[in-house]
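Reader: I am new to this structure and would like to go through it slowly. Could you take my questions one at a time?

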Amino acid sequence: MRSTHVLAPVLVIALLAPPASAQPADQVDPPPAVAGWSVDRVAPGISVFSGTLGEPSPGAHWTVIVRVPTLPGDGNPDPDLPTADLGSRSAADQLAERLRAAGQSPQVDRVDWPDFADTPRGQLGWRVRVGTFPDRTAAQARASELTTAGFTAAPDWTGQDGDSTAGPWKLHVAVIDPRRFTGRVAASYGQAVSGRETTSAMAVAQHALLGTNGGFFVIDPAQGIAGEPAGIGLHDGQLQSEAVNGRPALVLAEGGRAPRITPLRTAASVRTRTAVRELDGVNRVPGLVPGCGGVGGDRPTELPLLDVACTDDSELVLMTPQLGGTAPRGAGLEAVLDEQNVVTALRPRGGPVPTRGSVLQAVGNAADWLRTNAQPGTALRLDEQVYDADGRSVHFGPHDDVINGGPGLVSDGRIRVDAVGSGIVHAADPSFVYSWGVRRNPRTAAGIDGSGRLLLVTVDGRQPGVSEGFSIVEAARFLRSLGAVDALNLDGGGSTTMAVRGKAVNVPSDATGERPVGDAVLVVPKR
């Protein structure tokens, strides 16, 4: 896909930008890419620019995609879970032969890798489609016929393929200037780390002027605690979820006045006077590692793997009071700690977490370690460290928050998408990266421009002919067109939401409306 398909309309409207001197001192100058759009001056130093780029692509149409055999993992309730849309050339040809024998005229298309920084070039996989239809209803009718005949088929809109298109894209771009805004940009997990709330509900509860959905989180109960971050979560300087090591994160330092984007990893341990044990995680089910990228021999990998929960049958996991409710039930053992990290009780897993203290849960041989070294009255030392990409320890204060994300989109002013490093490439399943990263979807992204301003961006998607959404590379190009020198992708799909004054201003893609999410980025006024 040539970049001009995304950037051409941006360059045209950039000519409409008013001179910087025309802006009052407390207002935000528009990035060139959104000059001429409607603007909501939310507060001094905060502006939201809204507009549409491009126009419906004349070549886009409805068709039916016929999928390769079902992959393991079906039954996961995540509505954004990719389906098996791609296969090998031989599998695609065999499927096409079956379709011809059933009286259909299939089309077999090669799909190539996009411009990711850490993936091969050339063929990604092969796709099989049938027919051209005037609307979704007609495509659904043909898909139903094929399903009855033993195929797995669904309506498909070619405008969301991820190759060249003229648009359209409905966008909201929030610009927060820390030199002019007197409040705080913070992460919020709502009432508790566990559980899910809508972005707008979290915004209302915090009296936020502006908010977007945050990072990846657990939807499927089989992968952990619903709503827990699938990656690093740090609130008011306290670690509430460990990092998916290697993935980038949005650091809201000094109340958001010094934002930055950087890969982070975490390392933690529990010590007594005579023993030490690795602490595997924070506020999650022991033995399940959402997003993978953990430590201590996780299976099948210690590398990031989005939408997968790796496993480890021997783990030690800390539960903080912010978890909400009781600690996860299951086999193993837990130690109750007071405010000074002194063990007050050993008990089966699944009890309440004290409001002034914590709980250490253990499974496998970690439970044996806990039983031996953490009898009541034992003083423990909990060490938690966060490291940046250069291996330097990062220290956080009470006004620092961190939201997980990935992949990175822009680094040092250049487009750079580390797809493998962020876990969106599943080696045995080309359909995952195709559906998640190559095809167009609703997206939420964050960036930092050359003036240190925070950019929060949403693009609506899954609205054929109205707003197609971005591929990951298109998201990177758009953030760069806004002047971002660093940018990363946040959670997207049905999670994508921007709320202004407590109300969603975009159109979320879920049929049920705004999706409850795990956390949010909120812009809160000074009190």
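**Strand, sheet and loop**

Author: Gly 281 has its place in strand S16, where strands (E, at least two residues) and helices (H or I, at least four) are DSSP runs numbered from the N terminus. The model is predicted, so local features need pLDDT of at least 70 and side-chain atom pairs count only at pLDDT 80 or more, while totals for chains, interfaces and linings use all residues. Residues are numbered from 1 along each chain as its sequence is written, and side-chain values use heavy atoms, with hydrogens and water left out.

Reader: Is Gly 281 buried or exposed, and what is its relative accessible area?

Author: Buried means under 20% relative accessible area, exposed over 50%, and partly exposed in between, with a 1.4 Å probe and protein chains only. Gly 281 touches Glu 242, Leu 316, Val 317 and Leu 318, not counting residues up to four places away in sequence, where contact means heavy atoms within 4.5 Å. By the accessible area, Gly 281 is buried, at 2%.

Reader: Which strands stand at the edges of the open sheet of five strands?

Author: Two strands pair if DSSP finds at least two bridges between them. The order in this open sheet is S16-S19-S22-S20-S21, with mixed pairing. Because each has a single partner strand, one side of each is left without a neighbour in the sheet, and the edge strands are S16 (281-282) and S21 (343-349).

Reader: Which residue in S21 is the bridge partner of Val 336?

Author: Strand S20 (residues 330-337) and S21 run antiparallel and are joined by five bridges. In S21, the partner of Val 336 is Ala 345.

Reader: How many of the ten residues of H7 are buried?

Author: The buried residues of H7 include Ile 472, Phe 478 and Ser 481. Helix H7 is largely enclosed by the rest of the structure, because the number of its ten residues that are buried is nine.

Reader: What is the nearest side chain of opposite charge to Asp 460?

Author: Asp 460 lies in the loop between strand S29 (454-459) and helix H7 (472-481), and its side chain reaches the backbone nitrogen of Val 507 at 3.1 Å. Lys and Arg count as positive and Asp and Glu as negative, with His and the chain ends not counted, and a salt bridge is a side-chain nitrogen of Lys or Arg within 4 Å of a carboxyl oxygen of Asp or Glu. Asp 460 is buried yet has no salt bridge, and the nearest side chain of opposite charge, 4.9 Å away, is Lys 170.

Key. Polar contact = N/O pair within 3.5 Å; in protein donor to acceptor, adjacent residues only side chain to side chain.
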